[in-house]
Each structure stands twice: as C-alpha cells, then as structure tokens.
Amino acid sequence: MVKEIERAGIPVVHMCTITPISLTVGANRIVPTVAIPYPIGNPDLSPEDEYELRKKLVDKALLALTTEITEQTIFE
Amino acid sequence: MSNYKVVHYINQFFGQIGGEEKADVPAEKRQGLVGPGLAFKQAFGDQAEITATIICGDSWFNENLELATKTVLEMIKEEKPDLFIAGPAFNAGRYGVACATIADAVQTELGIPAITGMYIENPGADMFREKIYIVATGNSAAGMRKAVPVMAKLALKLVKGEPIGSSAEEGFLPNGIRKNFFENKRGSARALDMLTKKLAGKPYVTECPMPSFDRVAPQPAIKDITKANIAIVTSGGIVPKGNPDRIESSSASKYGGYSLEGVDNLTADTHETAHGGYDPVYANQDADRVIPVDVLRQYEKDGKIGKLNDWFYSTVGNGTSVASSKRFATEIAGKLLAQGVDAVIMTST
Amino acid sequence: MKLELGYIDIKGIRFGDHNAVEDHVLVVNPEELLEPVLADPLIKTAHFEIANPGESIRITPVKDVIEPRVKVEGPGGIFPGVISKVHTVGSGKTHVLRGMAVVTAGPIVGFQEGIIDMTGVGAEYTPFSKLHNLVLVMEAVEGTGQHEYEKAARMAGLTTAVAIGELARDLTPDESVVYETPTIAEGYQEPLSNLPRVGYVMMLQSQGLLHDTYVYGVDAKRTISTLIGATELMDGAIISGNCVSACDKNTTYHHLNNPVIRDLLEAHGKTLNFVGVIITNENVYLADKIRSSDWTAKLAKFLSLDGAIVSQEGFGNPDTDLIMNCTKLENNGVKTVIITDEYAGADGKSQPLADADDLADAVVTAGNANEMIVLPPMERVIGTLNFVNKIAGGHDGSLREDGSIETELQAIMGSTNELGFNRLSAR
C-alpha cells in the first residue's frame, strides 16, 4: 500500500513493528513501532506516559517525512 | 462433433527440411501432419486432428520477428482451427522463442487456445510462461515421447474449456498463478524427502519460489511540515464502532474512508478494529494506539503541522492479497490527491 | 526418552447413562462429563453433540480439537502444567483414543474459529472429518471478556479430553508403537554417528492473548527458544490456546500427533539421526523475533545439526520469524527446509508470503489459503452459523440463503496446516 501511495506522488512514512517485512515489500521511509497489536501505544504505561510515547513516535514520523532520502531508510 | 481442428507449428528441423543450414527458410504451410504431428495424432485419437502444419526456419522467424509473426498468424487464421500447438521445442532457443511468440499471438489476437512445450531453461520459457501454457519437456528431442501426451491432454482440456489444475498436476511450467492440489504424500514427508536430497547434495525443487516485490523511488521530503496536510492510512483495520462497511477480519475485499472532522481523540466508544490477525483488545480500548489521531490533532492546534486531513482510510492487512492492497492504495491515493494531501502516515499492525 | 503409545481404536460415540469405552465405542453420560465444565462460573451453557464421518453435519465456530489420552505408566500426566501437575512427560506408556476427538465449539471467541464439515467437498480439506467427534458446545456468561472466555473454553476442552482419556486406562491397546529418542552422546556412537544430524525447529504461535500456545503451562510468548523431547509432545506438553486462522493454526490434536516428529522418528536410525526438537515463538515485538531466531540458530549449532525442518504456525508477520529462522540456520551451515502456507489471493496471482529471502530455497507449501471454496448446505449445524460471515476467510455474504457457504479455505479447520499434516499443496 505504501508503495502505491508513494507512486502516486505523495511521500509516505510507514510506521510498523515488523520492519523486515516493510523492507522486503519496499517501503522507503520506515519508523519502527512498539508491537503489532499496539504499534503506537503501550497499554502497560499510564495514559500520560503512553501519550508521550506516541508523541515521540509521531515526531520520528514527521522527521522521516522532512528528511531527503535516496534509499530505503529506517528512522530508529 | 468432438473432432477439433488443430494447426501445428514446427521448425525446419522437425519439418524435415534440414538442419542449421536451412534455418533461414521462410514459413510454409502444408496440409495434414508432418514429423512430430504423428505422435500428436496418436495422443489425440479421434478427439482432434491436425489439419495443417506450418514449418518455419528458426533464424528466419527470429530475424524477422514482426513479419514472421504476421505471416504465420495469417496462415493459421485461414485454417480456422479450434486449437493451436507449437513444438515442443526442447532446449532449442530460437525454436522455443518462436513457438511461444506464435502461441501467445494466436491466443491474444485470434482468441484460439494455444499451447507449446519446451525445456525449463529455454529462453522462450521465461519470456512467456506467465502468458501461455508451456509444457515442461526434457532438454532434447529424446523427450518427445513423454512430452506429447502431456501436451495433448492439456490442449484438449483447454479447447473443451475444462478446469485446468495446478502446474504440478498438468505438467506445465509454473506460471506465477498459485493453485492448490492434493499431493501424494503429506507435507511433513515431502519436507523430509526434500531435506534428504538437500543433505545429500542432490537436486530438489522448492514448492514455492520466493516472491519478488518491486520498488518505487522515494518522493522528495516535505519542505515545510508546518504547512503540510497530513493524512492517516492504516492496514490495522481501525473503523468507526460497528464496522459500518463490514470490512472483513481477514482477506479484506474493501477499505473504508472515515471522517475525522471534529474528532480530537479516538475512544472505545467511537472506534474499534476489524482486524482478525492480532489481539484486538488494545486497539478496541484506544484506537489511537494504531492511528495517532490524538497527537496529530494536538500538533495541528500547536501549529507543528499544517493540518490533519479530514479523512482517514483503513483496511485490514491480515491475509489480504498484494493485488487487493494495491488496488485499495491506488484508489486511496487518488482521493488523497484530490483532498490536497501533502504527506501520509501509514501505520501497520 | 522412550514412550510407548498404546492405540485404542474408537469406532463410534453414543450417549448413555455412564462413561466408558465399550467394544471400541465411547459411551458418554453428558451430565457427568459436563459437571466440571459448568462448574466454571464463566460458562453459561454447555452440551455435547456427536458428529461422525460422512454425516451431513457442519461444526462451527470450532476453537480446538483434542485427542483424549491417558498416562498409564511413567512420570507425569497428560497436559502437564495445565491439567496435570508439572512433571516431565514423554516416557513410560500412554494410551490414545485413536479415531476420535473432543471438539470445542460455540459462539465466537475471536474472529478466527473455523469450520469442520463431516461430508462433502469441505470434508476433504480437514483431517477432522475423518474422526468421530464429541463436540462440546459452550456459551459464556454475558459480559465475559474475550480473554477470559478463551481460557474458559480452552480449559473446558482439555478437562473433558482428560476425563475421557481416563476411561481407556485399563484397556488393552489395539496397536502399540514405541518411540525412542537418543541422547547427544548416543548420537555420536555407531550406528547413528554415520547418519546426518537432523533437527526439527517448531515455531509456536505467540502473538498475544487469543493467539497463544502453552508449553507445560507456560505462555510461549514469555519463553526463549529451547529444547524439548519429541515424545513430550505426545503427552500433551504443548497445547493450543490459539485463535489464528482456522486453516493454519495447530490445534492440540496436531501437537499430540505432530507429523514432522512422526516422520523424523520413522526415519531415525535409517537415513538420519533425529537429534532433537527446538521450539521457538512468534512474538509481536521485532526484538523478540530477532532474539528467538538467534537462539534457534545457536541451539542448532550447539547440537551440531547438519539439517533442519522448520514448521511455521499462522501467517503474515510470522513469515518474518520463519525467514529469520531459515536464513540464520543456513548461515550457520544447517541445510534447511521450511513448511509454510500461502496467501496468494483468491486468483493465486499475488505474492504468497509477506517476507522472503533467497536462502529459503527449499520450501514445502501446504496450499494457498485464499483459494475459494463453496461448501454445500448440511442437514445439521452444530454450533451456529451466525459468525460465518465474520470469521477469517469469510466475507459479508459468505453464508448463502440455501445454507451453502462461499469462503476461503482459510475458514476450514486445519486445511493448510504448516506442520505438513495434509497432502494439500500448491504450485
């Protein structure tokens, strides 16, 4: 899906947990996330800490979108 | 009634004109069967009959590809056959390319079922195996006796419109279309057989060649993120509570587009996941754990991003084929462009 | 380890006023057997139904399938750490009620419970159509969470199977087979020392509650790759708590009758030396995937394996675990064959796996789970058809007015099992 949207001319950041799959299928900007059932959250944290965690991950996604790349890149 | 008319294509060698020195003879048509046609006659019995044979030099065909294709196609058309057979070409490269080129043209341009046969390493095989049925043969004409009955059987199925089984059952080269069938042994025993061969350094054939995925060049970065309209797309199945579009829990046949206007935060009362491939409890409690609506809305208010797009798009990635995902994404991309979206955050579970 | 399995063939099931195995027929007194099931405050209703091979019966939604067994000699009991106390099993003597199973069914737990048809085209795809099935249909008390309901249903099935197994304790088996596995040291003595050293890497679904497997009662997602004896599985050391797609989840029945283990034991001492079983999980964290596959490869190296068979469970992100296990084994010099299944789309034209590597050059496939099938209507439904449109493999409109079902193979129990239990394949 990532590729088709990118092909249409819109930059995409792929936020996913299993980055090897993302690399295999061909996403370009990749942000690793927490876990499959809750990629950008963590039910073990307090709501405040969970929100902070999500902010950090979104910040990484925005950084990825504003970074020029020439090849598949994981933004750790 | 069941006597189907067949046109057979062979090269100068099998047409008994001559070897390499005669490879530049142009195509000619003869009535009835020639050379290997006899073997097909035996295999067909009274079900089908070769009414004409086209003989063509391998060099002439390949050096005059367009003209040759046109000429041969014309000859076939005149015969109004029900079925077209080329070769088998075994490991003869130019012969294989000629057989496959003509068979493909007959199928697409004349709408007549067509089939050929060749050795897996014949260059014609890789060029055409996804377009036409190419029966796997040995690498030399010694394989004729084995190849012809397989080709004849598959050809008759095609002309009768009968269902075609998997490549392993029917004997054609894998054509990229995966099809189920029952093997003679259970999977564990086949794995053991394969491992035994692999350990002994003997050849073995994988049942599932590794898939390949294409690549797309990265888009340029967003220059000013504080002006950008950012949209969310997810394969994590987040939908408004009740799953109004009834997106399937696995092997999704559709996606949904849902409004985020006036939504600051997703809750257990408003949104849930339709995804059947992961534990849904956490996403159902708070779907922001899958799509970051709360954070992006706050960032929009803070001026950190230009805008959170009014619509987000969602489907279920679980067991959903690449072809379906591709179709969804192409449609979604069209909508996003129309909505003036500058960048996409795609989340997967 | 040495385990003797004594098979008692079951040729029918009937209800009666007592519980016994009489002349190869299981007699069930429902009231007595349901008592422990209904003792669970979460189970609102429970009843038994019988489904025999060839009958016009559809069972759905099915959660687990369990073969009743009883330990008659040697340490421990069936399903150690879950039903019996924790104690190493896999030696001594165990009786097996062959030809039957306890099937748990009822209103849905997750999305992913499946269908067993006892006759018709669907029956060809599920191994459970060949068994005499005692179906335990349960309904949870309203308001029970999915996780609690899953556990209650799981325990009810296992408890029932153990109670039935107990009926075979004093019977004389129709057939006895001895399974024996060597120690590492024995593997380096004649005649085994001349044979290639082969291991089995068994991947266990462990994606989180509703997608779990238990080893001696331990949730597999909280484990790192480890060794287990082949015969331990035959005593129920591994059980299913798994609601992934019906087609490629390993039911408890599969764990008890693991075909890779059977075939490797069959070949042991003849063409190979079956050194051991490595179990490894399929977790939702990338770090876990890396760690578990690292350990798999490391254990394989400790065991000096020449070759290995890897079996997967489930699909999608576990394809990554599969590829990691395979590539790391190959890079350690272990020649590897993997068993998987495919999601190549209904038309078979899409990529069959989510992850790939050129080192995975020896693959056995259990078929394309996306392939469509039309199941004819059945005279009787055990369970409910209410969820057919919603289970994995089904779609809105799967259930037609005449009671026939158009669905992917995915919805059929055990149809594309990745232990290689069936003959189904694809090319």
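Trainee: Among the contacts in chain A between residues at least 6 apart in sequence, what percentage join residues at least 24 apart?

Mentor: A contact here means heavy atoms within 4.5 Å, and of the contacts in chain A between residues at least 6 apart in sequence, 42% join residues at least 24 apart. Please keep in mind that this is a predicted model, in which local features need pLDDT of at least 70 and side-chain atom pairs count only at pLDDT 80 or more, while totals for chains, interfaces and linings use all residues. Residues are numbered from 1 along each chain as its sequence is written, chains are lettered from A and ligands numbered from 1 in the order in which they are written, and side-chain values use heavy atoms, with hydrogens and water left out.

Trainee: Which helices and strands does chain A have, and in what pattern do they follow one another?

Mentor: Helices (H or I, at least four residues) and strands (E, at least two) are taken as DSSP runs and numbered from the N terminus. Chain A has three helices and three strands, and along the sequence they follow the pattern α-β-α-β-α-β. The C-alpha trace of chain A spans about 40 × 25 × 20 Å along its principal axes, and 62% of its 76 residues are buried, where buried means under 20% relative accessible area, exposed over 50% and partly exposed in between (1.4 Å probe, protein chains only).

Trainee: How should I read the interface of chain B and chain A, and how many residues of each are in contact?

Mentor: The size of an interface is often given as the accessible area lost when the parts come together. Here 51 residues of chain B are in contact with 45 residues of chain A, and the area buried between them, meaning the accessible area (1.4 Å probe) lost on being put together, summed over both, is about 4,100 Å², with carbon and sulfur atoms giving 67% of it. Val216(B), Gln219(B) and Arg289(B) supply 17% of the area that chain B buries against chain A, more than any other three residues.

Trainee: How many salt bridges cross between chain B and chain A?

Mentor: A salt bridge is a side-chain nitrogen of Lys or Arg within 4 Å of a carboxyl oxygen of Asp or Glu, and the rule finds six across this interface. One of them pairs Arg7(A) with Asp214(B), whose closest N and O atoms are 3.0 Å apart. On the side of chain B that touches chain A, α11(B) gives the largest share, nine residues. By class, that side has 31 nonpolar, nine polar and eleven charged residues, with Ala, Val, Leu, Ile, Met, Phe, Trp, Tyr, Cys and Pro counted as nonpolar, Asp, Glu, Lys and Arg as charged, and the others, Gly among them, as polar.

Trainee: What does the contact between chain B and chain C look like when read in this way, and how many residues does each chain give?

Mentor: The contact takes 50 residues from chain B and 73 residues from chain C, and together these chains bury about 5,100 Å², 58% of it on carbon and sulfur atoms. Arg178(B), Asn180(B) and Phe182(B) supply 15% of the area that chain B buries against chain C, more than any other three residues. There are six salt bridges between chain B and chain C, including the one from Glu183(B) to Arg427(C), where the closest N and O atoms are 2.7 Å apart. On the side of chain B that touches chain C, α8(B) gives the most, with ten residues, and the residues of that side divide into 21 nonpolar, 18 polar and eleven charged.

Trainee: Why can helix α7 of chain C be called largely enclosed, and what span should its 14 residues have?

Mentor: Twelve of the 14 residues of α7(C) are buried, so the helix is largely enclosed by the rest of the structure; among them are Leu322(C), Ile323(C) and Met324(C). The expected span of a helix is 1.5 Å times one less than its number of residues, which for α7(C), residues 318-331, gives 20 Å, and its end C-alpha atoms are 20 Å apart, in agreement. After α7(C) comes Gly333(C), whose phi is positive, near 85 degrees.

Technical notes
Buried area = accessible area lost by both parts, 1.4 Å probe.
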